[in-house]
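Open your viewer and get ready to select residues by number. The tour moves stop by stop.

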Amino acid sequence: MSRAHFSESAAAKNEPGSFSALFAAEVAEYLRRMPRQLPSKYFYDPLGSALFEAICRLPWYSVTRAESALLAAHAPALLGDDAAPLTIAELGCGSGDKLATLIERGTRQVDTVQLIDVSAAALAMATTRLDHLPIARIVAHQHTYAEGLRHAADSRGDGPMLVLFLGSNIGNFDPPADACLLRSIRECLRPGDALLLGTDLVKPERELLLAYDDPLQITAAFNRNLLRRINDELGGTFDLDGFVHRACWNGREHRVEMHLVSTRAQEVRVAATDLVLEIAEGESIWTESSYKYEPEEILAAGAAAGFAHGEQWIDQVARFALTRFAV
Ligand code: AVJ
């Protein structure tokens with residue numbers, strides 16, 4: 001491995017400030033909230049990442065297919081036609097498939113790729129996926145978005161930088177955290193740079209419910225795997241059979257919500273946090289929000305974050321938008 005460099009914030013040990021200490025602290029904090037919650041960024045352990053890759057192939061989940069088709073069809077325009085070699089930084093690269101498609105279909109010379117993901121499994125997969133492409137330098141940052149992007153901006157090449165924030169990953173952020181994140185991306189960029197944002201659009205409720213509560217129950221497994229991960233990594237005592245997956249459309253907030261609903265009264269302990277919870281029958285743990293947008297709303301959010309202008313490519317059948325914001 002000559003070109004790939006890994007930069008990690010925290011070792012997978014139980015030291016204060018380490019990944020597992022933060023995981024334990026956030027699990028305790030979110031489970032104590034009312035309604036009870038868990039942060040969705042913790043879905044992506046190796047099994048969770050594999051289940052998410054399976055979700056992306058489900059006929060009912062169109063986000064990944066729609067976005068990949070737009071990237072393949074419009075790669076030269078999306079990458080820009082500047083002659084200078086490009087740095088691409090991707091927030092939440094996952095398998096690296098979409099980035100590879102963009103580079104393969106584009107005509108632009110890419111000299112540096114910065115991969116940012118909380119999942120070590122995803123970073124390893126993406127690095128392998130990009131291996132055959134003519135990229136001088138690949139840097140992997142195991143970080144959350146804002147922190148990872150700061151590292152990426154610090155070690156960018158001399159040419160312009162394109163930030164990819166795809167897959168409707170921004171949809172996990174409640175307002176005003178979504179606007180803060182767009183602004184912190186904008187603040188890492190300079191004139192000539194750009195942001196490519198992929199967002200799922202509002203669509204009929206029955207389509208959304210099939211996408212987030214699929215007939216093969218892969219999404220249910222993805223959701224319940226979070227409890228399995230807490231059991232294995234933090235000494236939790238969740239009975240996986242005592243929770244069922246629920247997805248619902250919150251039309252007022254424009255978001256799909258995923259919950260884990262307790263089928264009976266139960267006591268749960270998490271050893272790493274000294275947490276003891278009494279969970280009532282029918283009580284839920286809210287594990288994810290996936291906001292859905294209107295195209296104009298996305299343009300307005302970019303303008304509010306300080307971007308100069310936005311250009312959009314929309315799949316009207318799948319209801320998915322790619323927006324390229326110039327700085
Ligand atoms: C990766 C956050 C964009 O919200 O659609 C898929 C995750 N959750 N099915 C989404 C997910 C359930 C996905 N994001």
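How do α6 and α7 lie relative to each other, roughly parallel or roughly antiparallel? Before you select them, some ground rules. This is a predicted model, where local features need pLDDT of at least 70, side-chain atom pairs count only at pLDDT 80 or more, and totals for chains, interfaces and linings use all residues. Residues are numbered from 1 along each chain as its sequence is written, and side-chain values use heavy atoms, with hydrogens and water left out.

**Stop 1: two helices**

Select helix α6 (residues 145-154) and helix α7 (residues 177-188). Helices here are DSSP runs of H or I with at least four residues, strands are runs of E with at least two, and both are numbered from the N terminus. The two axes come within 10 Å and cross at roughly 5°. Axes are lines fitted to C-alpha atoms, for helices over the stretch in contact, with angles from 0 to 180 degrees between N-to-C directions. Angles under 35 degrees count as roughly parallel, over 145 as roughly antiparallel, 65 to 115 as roughly perpendicular and the rest as oblique. So α6 and α7 are roughly parallel to each other.

Now show the side chains. Y145, A146, L149, R150 and A153 of α6 meet L181, S184, I185 and C188 of α7. Contact means heavy atoms within 4.5 Å.

**Stop 2: the largest core**

Select V113, L115, L130, L196 and F238. Within the largest nonpolar core, of 68 residues, these touch the most other members. A nonpolar core is a set of buried Ala, Val, Leu, Ile, Met, Phe, Trp, Tyr and Cys residues joined through side-chain atoms within 4.5 Å. Buried means under 20% relative accessible area, exposed over 50%, and partly exposed in between, using a 1.4 Å probe and protein chains only. Helix α3 (residues 63-79) gives this core its largest share, 7 residues. A separate core has 27 residues, including I170 and I185.

**Stop 3: F238**

Zoom to F238, in the loop between α9 and β8 (243-250). F238 counts as buried because its relative accessibility is 5%.

**Stop 4: N225**

Finish at N225, in helix α9 (residues 218-234). Is N225 buried or exposed? With 4% relative accessibility, N225 counts as buried.
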